[in-house]
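My entries follow in the order of looking up.

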Amino acid sequence: MESGRWRGLSSVLSSLSLLCVLLDLQLDGATPVEIEHHLEMGRKLLAAGQLAEALSHYHSAVEGDSKNYLTYYKRAAVFLAMGKSKSALPDLSQAIQLKPDFLAARLQRGNILLKQGSTQEAREDFQAVLKRSPNHEEAHDQLSKAEELELLQEEAHEAHHRGDYITTVQVLEKVIELSPWDPESRELRAECYIRLGDPRKAIMDLTPATRLRADNRAAFLKLSQLHYSLGDHHDSLNQIRECLKLDQDDKECFAHYKQVKKLSKQLDSAEELISEQRYQEAIEKYESVMRTEPNVAFYTNKAKERICFCLVKMKSAEEALDICSEAHQREPQNIHILRDRAEAYILLQEYEKAVEDYQEAREFDQDNQEIREGLDRAQKLLKQSRKRDYYKILGVSRSANKQEVIKAYRKLAQQWHPDNFQSEADKKEAEKKFIDIASAKEVLTDPEMRQKFDSGEDPLDPENQQGGGGGGSREWPFGFNPFEGGNFHFKFHYN
């Protein structure tokens with residue numbers, strides 16, 4: 001009876017054991033046929049350059065058979081093809097653990113470690129290859145590079161320690177050539193570039209360094225600060241956001257983020273106001289910019305430049321001249337400031353100075369079309385002012401509106417009307433002045449003629465008329481002279 005029970009229990013236990021094995025096989029992944037299918041598909045997709053799809057199949061192969069060193073090695077090859085060396089390392093290490101004499105994996109891991117700047121670990125891998133294959137040419141070459149890299153790293157750190165940043169940069173050039181995936185070398189060279197006053201090159205080193213470390217918040221913060229100091233506020237904002245993605249509670253990154261975000265918003269808003277021709281509001285916004293960031297010269301310089309521009313657009317010539325001159329002292333080679341100050345001089349009818357500013361701007365940028373056109377116009381206005389300046393004749397500014405022009409005309413026309421004078425000589429002089437006053441009114445109250453005059457062309461000058469040959473000068477703008485014929489009595493109507 002007892003023996004029967006034991007036999008029954010033994011049979012149940014065997015069945016359970018078999019069931020567990022079958023379940024384990026099911027849960028453990030695919031069959032050998034399926035694994036081989038994944039490997040074959042991975043190989044074909046890798047050859048076709050479809051890396052993401054190939055990686056998916058190698059993932060399945062590894063899950064199906066976690067004891068096969070080749071599946072790890074092949075997946076590592078896909079990671080490397082995708083530029084993900086950090087992801088390839090664990091797979092190569094697993095392949096080596098499963099098969100310590102797998103020289104291809106040893107050599108590949110050594111190459112990655114060398115490029116990452118880990119000279120000691122790389123040397124161990126190359127030496128392991130040479131121990132089993134003493135004549136392995138690539139292993140010999142790579143071991144030699146690892147030893148050279150170690151010496152260069154020491155030399156760079158010694159130069160940096162003694163404050164010789166130029167030498168440090170020169171040595172690190174060779175270091176990074178041998179170990180392009182080493183973030184430490186790039187960060188050290190970036191620090192040297194900052195000390196040498198070349199932040200742009202520092203940015204070029206720190207940008208890849210952010211990807212070479214898993215959590216490189218320090219590099220993202222430094223990148224943001226460098227972009228900020230150069231006035232690249234949008235890039236600065238992007239970099240500091242990357243820092244906060246890694247840790248939203250990072251105090252340094254969050255404090256800098258608030259500053260950059262505030263300033264960037266003000267700058268964007270100011271430029272939007274300018275695009276809408278709301279110049280006074282734009283000036284106020286740029287004044288806020290200077291209060292928000294008084295310590296970085298770029299933003300003060302930028303604000304002064306744009307306020308200068310706005311004042312010229314508002315035709316506040318004297319105020320513009322003061323601000324533009326201050327901005328020019330800050331940035332003597334800024335062609336936009338020179339252009340705007342030249343326009344302020346034109347508003348003040350100081351054409352020689354306008355020509356000088358445009359000529360100076362052209363020296364800094366000879367190919368700038370706007371500067372060339374501005375210089376041409378200023379030279380025409382200067383030439384024109386030496387002949388007949390309708391604004392000066394009426395005594396009005398270049399920004400005077402039509403009503404102001406007519407008012408000035410009426411006053412002067414009444415003053416210089418020939419009927420007001422007795423002697424023939426006085427009448428002749430008054431007639432000449434009266435004709436000039438009337439000509440000035442004709443030009444400055446006609447939008448098309450005024451535009452021509454403002455661009456440096458006198459629309460009443462016979463030389464500028466189509467087909468004009470230049471014989472004599474126009475004496476009366478309305479086509480006749482009412483003063484011809486001796487004794488005249490002319491009643492003037494102030495239209």
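Which residues in H6 meet which residues in H7? I worked from a predicted model, in which local features need pLDDT of at least 70, side-chain atom pairs count only at pLDDT 80 or more, and totals for chains, interfaces and linings use all residues. Residues are numbered from 1 along each chain as its sequence is written, and side-chain values use heavy atoms, with hydrogens and water left out.

**Entry 1: H6 and H7**

I found that Leu-103, Arg-106, Leu-107, Arg-109, Gly-110, Asn-111, Leu-113 and Leu-114 of H6 meet Glu-121, Ala-122, Asp-125, Phe-126, Ala-128, Val-129 and Arg-132 of H7 (contact means heavy atoms within 4.5 Å; helices are DSSP runs of H or I, at least four residues, numbered from the N terminus). By class, I noted 8 nonpolar, 2 polar and 5 charged residues in the contact of H6 with H7 (Ala, Val, Leu, Ile, Met, Phe, Trp, Tyr, Cys and Pro count as nonpolar, Asp, Glu, Lys and Arg as charged, and the others, Gly among them, as polar).

I then looked up the geometry. The axes of H6 (residues 103-115) and H7 (residues 119-132) come within 8 Å and cross at roughly 155° (axes are lines fitted to C-alpha atoms over the stretch in contact, with angles from 0 to 180 degrees between N-to-C directions). H6 is therefore roughly antiparallel to H7, a term for angles over 145 degrees. The crossing is left-handed, in that the near helix is turned anticlockwise from the far one by less than a right angle.

**Entry 2: H4 and H5**

I next examined H4 (residues 69-81) and H5 (residues 85-98), whose axes lie 8 Å apart at an angle of about 160°. H4 and H5 are therefore roughly antiparallel to each other, and their crossing is left-handed. Among the residues in contact are Tyr-69, Tyr-72 and Tyr-73 in H4, and Asp-91, Leu-92 and Leu-98 in H5. By class, the contact of H4 with H5 has 10 nonpolar, 3 polar and 2 charged residues.

Residues 69-102 are 79% helix and 0% strand, with end C-alpha atoms 9 Å apart. Residues 335-368 are likewise 79% helix and 0% strand, and their end C-alpha atoms are 9 Å apart.

**Entry 3: Salt bridges**

I recorded 30 salt bridges (a side-chain nitrogen of Lys or Arg within 4 Å of a carboxyl oxygen of Asp or Glu). One of them joins Glu-242 and Lys-245, at 3.0 Å from N to O. Because Glu-242 and Lys-245 are 3 residues apart in H13 (residues 233-246), about one helical turn separates them.

Methods:
Helices (H or I, at least four residues) and strands (E, at least two) are DSSP runs, numbered from the N terminus. Angles under 35 degrees count as roughly parallel, over 145 as roughly antiparallel, 65 to 115 as roughly perpendicular and the rest as oblique.
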